[in-house]
There are 2 protein chains.
Amino acid sequence: MPNDVIGAERCDCDVIHDDVVARVRKTIPRDETLFDLAELFKVFGDSTRMKILWALDTSEMCVCDLAYLFNMTQSAISHQLRVLKLAKLVKNRRDGKVIYYALDDEHVRQIIDQGLTHINELP
Amino acid sequence: MPNDVIGAERCDCDVIHDDVVARVRKTIPRDETLFDLAELFKVFGDSTRMKILWALDTSEMCVCDLAYLFNMTQSAISHQLRVLKLAKLVKNRRDGKVIYYALDDEHVRQIIDQGLTHINELP
DNA sequence: CAAACATATGAACAACTGTTCATATGTATT
DNA sequence: AATACATATGAACAGTTGTTCATATGTTTG
């Protein structure tokens, strides 16, 4: 299903590069997929959530563990865990009063590692 | 170099989970690294930039090609290309009046692919 | 060198985001 | 049942972000 192809103003070089534009149009994913992808990365794009993900990669933890570990409010952590859960990056289980959170996806680590590689290779 | 360890309020289970917290403290990267990582993913967390990255993965393109392709203002594209360039994800070369942008990193595709895998595996 | 073109950039504005504060929900203990 | 504890959640607020508009920079062409 092709994306929005309704024309904007074209400059001279658009016409020259018509083939390139056409090639991209054929291979680029649907708008909705690109939007979902951006939404996913947006979740990784906050240092509090990044800390939480990294912590949970070591071990499952409860909310107050995380709050104590990062010296943050229980409420702030809880709000962010909600975001992570909606993105299916994190799952939880209840044990009495305590709720334990854990990573819910084996790709989380891989995505983060790719990011680390990029950062470490910068000059 | 250890991160901020100044104490927040501890709940009862913190004390119980002291070992877990200590283990995370030992293995988690420096605050600065986590911040940089989040900054990197933030760049992927916008659908306009995601579109641009995907387009440039097919072929280098000039600014007005991208504007035409996505039916957006030249200015809007230009602003986002600036963000991508600051993140070292994109490089450019000048050819007369026209400036061509291209991916500047072989990890871009891999990072995006990992994200796609996550999205596609959702139920 | 003047006009046309491609791109960059600063200011302004609306929309979005993350934290805090107050409070609600749910569970265990006595 | 009442209290204490762990977590969730809604409202509010400040800070951030992406687009638009106007304009500036830099290059080519006549």
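A helix, as the word is used here, is a DSSP run of type H or I with at least four residues, numbered from the N terminus. Everything in these views comes from a predicted model.

View 1. Helix α6 of chain B covers residues 74–86, which makes 13 residues. From its first C-alpha to its last the helix reaches 18 Å, close to the 18 Å expected at 1.5 Å a residue. Look for Ile77(B), Gln80(B), Leu81(B) and Leu84(B), which are buried. Seen down the axis of α6(B), these buried residues fall within an arc of 110°, so they line one face of the helix. An α-helix has 3.6 residues a turn, so residues three or four places apart point the same way. The face turned away from the buried side carries the exposed residues His79(B), Arg82(B) and Leu86(B). Within chain B, the buried residues of α6(B) pack against the helices α3, α4 and α5 and against the strands β2 and β3.

View 2. Most residues other than glycine have a negative phi. Just after α6(B), however, Lys88(B) takes a positive phi of about 60°. In chain A, Lys88(A) also has a positive phi of about 60°, although it is not a glycine. You will find Lys88(A) in the loop between α6 and β2 of chain A, and at 37% relative accessibility it counts as partly exposed. Asn71(B), again not a glycine, has a positive phi of about 55°. Its place is the loop between α5 and α6 of chain B, where Asn71(B) is partly exposed with a relative accessible area of 32%.

**View 3. The two chains side by side.** The same surface serves both copies, as 100% of the contact residues of chain A recur in chain B.

**View 4. Helix α3 of chain B, covered from both chains.** With 14 residues, α3(B) reaches 21 Å from its first C-alpha to its last, close to the 20 Å expected at 1.5 Å a residue. Its buried residues include Leu34(B), Leu37(B), Phe41(B) and Phe44(B). What covers the buried residues of α3(B) includes α3, α4 and α7 of chain A, together with α4, α6 and α7 of chain B.

**View 5. His107(B) and its contacts in chain A.** His107(B) lies in helix α7 of chain B and counts as buried at 5% relative accessibility. Leaving aside neighbours within four places in sequence, His107(B) is in contact with Gln114(A), Thr117(A), His118(A) and Glu121(A).

**View 6. Cys62(A) and the residues around it.** Strand β1 of chain A, residues 61–62, holds Cys62(A). At 1% relative accessibility, Cys62(A) counts as buried. Not counting residues up to four places away in sequence, Cys62(A) touches Val98(A), Ile99(A) and Tyr100(A), as well as Cys13(B) and His17(B). Cys62(A) and Arg94(A) are 32 residues apart in sequence and 9.4 Å apart in space, C-alpha to C-alpha.

**View 7. A cavity in chain A.** One cavity of 30 Å³ or more turns up in a search of the whole structure. About 40 Å³ of space lies in the largest cavity. Among the residues lining the largest cavity are Leu53(A), Trp54(A), Val108(A) and Ile112(A). Helices α4 and α7 of chain A are the elements that give two or more residues to this lining.

Notes: Residues are numbered from 1 along each chain as its sequence is written. Chains are lettered from A and ligands numbered from 1 in the order in which they are written. This is a predicted model: local features need pLDDT of at least 70, side-chain atom pairs count only at pLDDT 80 or more; totals for chains, interfaces and linings use all residues. Side-chain values use heavy atoms; hydrogens and water are left out. Contact means heavy atoms within 4.5 Å. The expected span of a helix is 1.5 Å times one less than its number of residues. Buried means under 20% relative accessible area, exposed over 50%, partly exposed in between (1.4 Å probe, protein chains only). The arc is that of the directions from the helix axis to the C-beta atoms. On a 1 Å grid over the protein atoms alone, a cavity is a set of points where a 1.4 Å probe fits but cannot get out, and a pocket is an open set with protein on both sides within 12 Å along at least five of seven lines; lining residues have an atom within 4 Å of a point. Grid points are joined across faces, edges and corners, and a volume is the space filled by probe spheres set on the points.
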